[in-house]
Amino acid sequence: MALTFRVTGIALLLAAVIGVPVGAALGLARFPGRRLVTLVLYTGMGLPPVVVGLFVYMVVSRSGPFGDLGWLFTPAAMIAAQTIIAFPLVAALTMSAVDGVDRDLRLQVRALGATRWQLAWTVLREARIGVTAAIVAAFGGIISEVGAVMLVGGNIEGQTRVLTTAIVLYARQGDFALAMALGIILIALALVANVVLLQLQGRSR
């Protein structure tokens, strides 16, 4: 259970740290090729996790470009895969949230002499509900993910076995009661985490 939260928490943090600024920048900026970037991000939201897992596997395997890191079948590879899955969700939904902020607000802030950074921060604060929704969606997407973490983690007991891979294992062994119990625990943990996120959202209003 602890490993599940550690892997998912770090991956979500990385995706948020990278994805929120990227999404905010794309929501604010207008440049040639923006529609193409948007299309890529939206496509990334639907990436099959097992394909992401295969990509990370090939990159960190011994013959891959990052094979020397020794990440294969470790939590580091699982975090990398989940970060790749979560990033498009955070960036694309943040971009939509920022893009949806009333443009008159931007004009008013600019008229008051705000710098570019101050403008971006003001718009991002106005879009915080959508940004929180983006992070919640990414969290839900990766905590329930099994294909990629199974592929790059190997489901090794005591090292890379998380709740989702344990559920698959016990279901394959025919121990459906234990698999269902772990499933209920996973849902309960996701519920608690989402309540915390929504509480944080409420405090920021």
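## Burial and surface

Of the 205 residues in the protein chain, 40% are buried, meaning under 20% relative accessible area, while exposed means over 50% and partly exposed lies in between (1.4 Å probe, protein chains only). This is a predicted model, in which local features need pLDDT of at least 70, side-chain atom pairs count only at pLDDT 80 or more, and totals for chains, interfaces and linings use all residues. Residues are numbered from 1 along each chain as its sequence is written, and side-chain values use heavy atoms, with hydrogens and water left out.

## Confidence

The mean pLDDT (the predictor's confidence in each residue, from 0 to 100) of the protein chain is 89, and 97% of its residues reach 70 or more. Helix α4 (residues 75–99) has the highest mean, at 94, and helix α10 (residues 176–203) the lowest, at 83.

## Helices and contacts

You will find 10 helices and zero strands here; these are DSSP runs numbered from the N terminus, with helices being H or I of at least four residues and strands E of at least two. Among contacts (heavy atoms within 4.5 Å) between residues at least 6 apart in sequence, 71% join residues at least 24 apart.

## A look at helix α6

Helix α6 (residues 116–126) buries Leu-119, Val-123 and Leu-124. Seen down the axis of α6, these buried residues fall within an arc of 130 degrees, so they line one face of the helix; the arc is that of the directions from the helix axis to the C-beta atoms.

Their cover includes α1 (2–28), α4, α5 (103–111) and α7 (128–143). On the face of α6 turned away from its buried side sit the exposed residues Trp-117 and Trp-121.
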